[in-house]
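I opened the notebook to record a few look-ups. I wanted to go through the ligand site and then some backbone details.

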Amino acid sequence: MENIKIPILNMLKDHQGKNPLSLHVPGHKDGDVIHPLTPTGLREAMSWDMTELTGLDDLHNPEEGIMEAEILLSSLYQTDKSYLLVNGSTVGNLAMILGIVQPGDTVLVQKNCHKSIMNGLALASAKPIFLHPELDCEGVEIGLTDSAIEEYLQKYPETKAVILTYPNYYGMGMELEGIIKAAHHLKIPVLVDEAHGAHFAAGDPFPPSALSKGADLVVHSAHKTLPAMTMGSYLHIQGELVSAEQVERYLRILQSSSPSYPIMLSLDLARAYLEGYCEKDKSYLCEQLQSLKSYLSGHKQLAIYESSKADWHDPLKLLICQKGNVSGYELQARLEDVGIYPELSTERFVLLVLPLLKEGQGSFIEKLINRLELMKWDGETKPFSETGSFKESGISNESKHTELALSYEEMEKLNVKRLDLSHSIGEIAAESIIPYPPGIPIIQRGERITDEMVSACFRLMRNKVKIQGGSCLKDGQIEVFA
Ligand SMILES: Cc1ncc(COP(=O)(O)O)c(C=O)c1O
């Protein structure tokens, strides 16, 4: 533990040790000039909120502590180069796509991807072919198979990149090795949004990491499963198929010119945390998770859901459901009544994101079980009225892929009109409709609207799911191209 270096921490401490008087930005002057109601914790955090001063390096041109932190990150993940990101995996996805994909390039994209991938494709003016993921028996969208990728690489020999999301939001994934080999055989790079898998580098019992399977560019939301602050993420590059220069150029363009030092510090600490994650920690975590699973398996009302289709399940993601015909939305409300705040709910499940505990680290799971014990089960439950399975990226059963009906350039030139959602089938969407979380568009700007998409939208609205986009959805309307 003592041998693990944390250069950004040292750099900031050295600066604090100089008893500096701040005559620079930010305006809170190291937490001295603040609103009287500023909470103590925030004031303390402000004393770490510095800027590119002498000795504090520069994220956009790292030569000192930040460079050291990035080298340590790269050596932990065994990459050619790794980067600290202060604008989330969102900026990582945008930069990796813009750095690799040229206007008009054909790219194969897993359809159940986050909106940041869709936005990256639009900014790059790509020609995406969206491949429909494998579904399990509950309609959960998992990942792509080798054979699907092989088939589409043959169909679209002009493909310039393959873009995958691994694992899905629920920590499930399909085997990546065959997919990556098939693409690499044709010298096509594979870009992976592994936002939910920053901890996979710890090895078994976690799923194999995309980097270990040879992915060329990988993005991690360190803040999702490692102890990093919100927006703290990593981007990694390896291999001969991609050049770091273009990706770096886009990181410089897209990231703030005043990157947050608290976020960078937390990223360095999160890397050190993972670096020190040892076998004893894994055994402790597994014990803790097992005690939770044993508790749930004996529970009269709750059950764990594990997909039979996925090759991998991340043990930090637990999907639970209430027995009987009860929706995940209702279960989430019941959990919140006893102070348990899950990541999200779907029609069938609630998703719990569990912590990457180290040996002896408190009684997190015990606290969770104690709160579950407080739940009252005698009240009335509303039977869930929806039938059939819900597909979160609005895919149709009839086809294995979707293409946009218009190129991104064509979309820019067209006028837009509003239509009743129920009359929009067959029209081309001029806006994306995105339930959040998970942030996977159910209707995407430029897609021809299908029956399935419209019913999925109505279904989300009936269940009062939070939706981004859809400027006139509250009036039952959608913007389409005129
Ligand atoms: C799969 C996936 N990719 C990317 C993102 C964007 O990550 P961030 O919030 O770090 O920008 C998310 C966010 O939920 C996500 O689920």
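This is a predicted model: local features need pLDDT of at least 70, side-chain atom pairs count only at pLDDT 80 or more; totals for chains, interfaces and linings use all residues.

Entry 1

Entry 2. I looked up the residues around the ligand and found 15, of which S89, T90, D193, H196 and H223 come nearest. I sorted this shell by type: three residues are nonpolar, 10 are polar and two are charged. I then checked which helices take part. Helix 4 (88–100) and helix 8 (222–225) each supply at least two residues of the shell. Helix 4 gives the largest share, with four residues.

Entry 3. S89 places a backbone N or O atom 2.8 Å from a ligand oxygen. H196 has a polar side-chain atom 2.7 Å from an oxygen atom of the ligand. For H223, a side-chain N or O atom is 2.7 Å from a ligand oxygen. I also noted the area: the ligand taken alone exposes 390 Å², and the protein buries 90% of that.

Entry 4. I searched for cis peptide bonds. One joins V25 and P26, with omega about 0 degrees; P26 sits in the loop between helix 1 (7–16) and helix 2 (40–46). Another joins Y436 and P437, with omega about -15 degrees. I placed P437 in the loop between strand 16 (433–435) and helix 15 (451–462).

Entry 5. I checked for positive phi outside glycine. K187 has a phi of about 60 degrees and lies in the loop between helix 7 (177–185) and strand 6 (190–193). K187 counts as exposed because its relative accessibility is 63%, and the cut-off is over 50%. K464 has a positive phi near 55 degrees. K464 is also exposed, at 73% relative accessible area.

How values were computed: Residues are numbered from 1 along each chain as its sequence is written. Side-chain values use heavy atoms; hydrogens and water are left out. A residue is near a molecule or strand if one of its heavy atoms lies within 4 Å of it. A polar contact is a pair of N or O atoms within 3.5 Å; within protein, one must be able to donate a hydrogen and the other to accept it, and residues adjacent in sequence count only if both atoms are side-chain atoms. Accessible areas come from the Shrake-Rupley method with a 1.4 Å probe; for residues, only the protein chains shown count as cover. Ala, Val, Leu, Ile, Met, Phe, Trp, Tyr, Cys and Pro count as nonpolar, Asp, Glu, Lys and Arg as charged, and the others, Gly among them, as polar. Buried means under 20% relative accessible area, exposed over 50%, partly exposed in between (1.4 Å probe, protein chains only).
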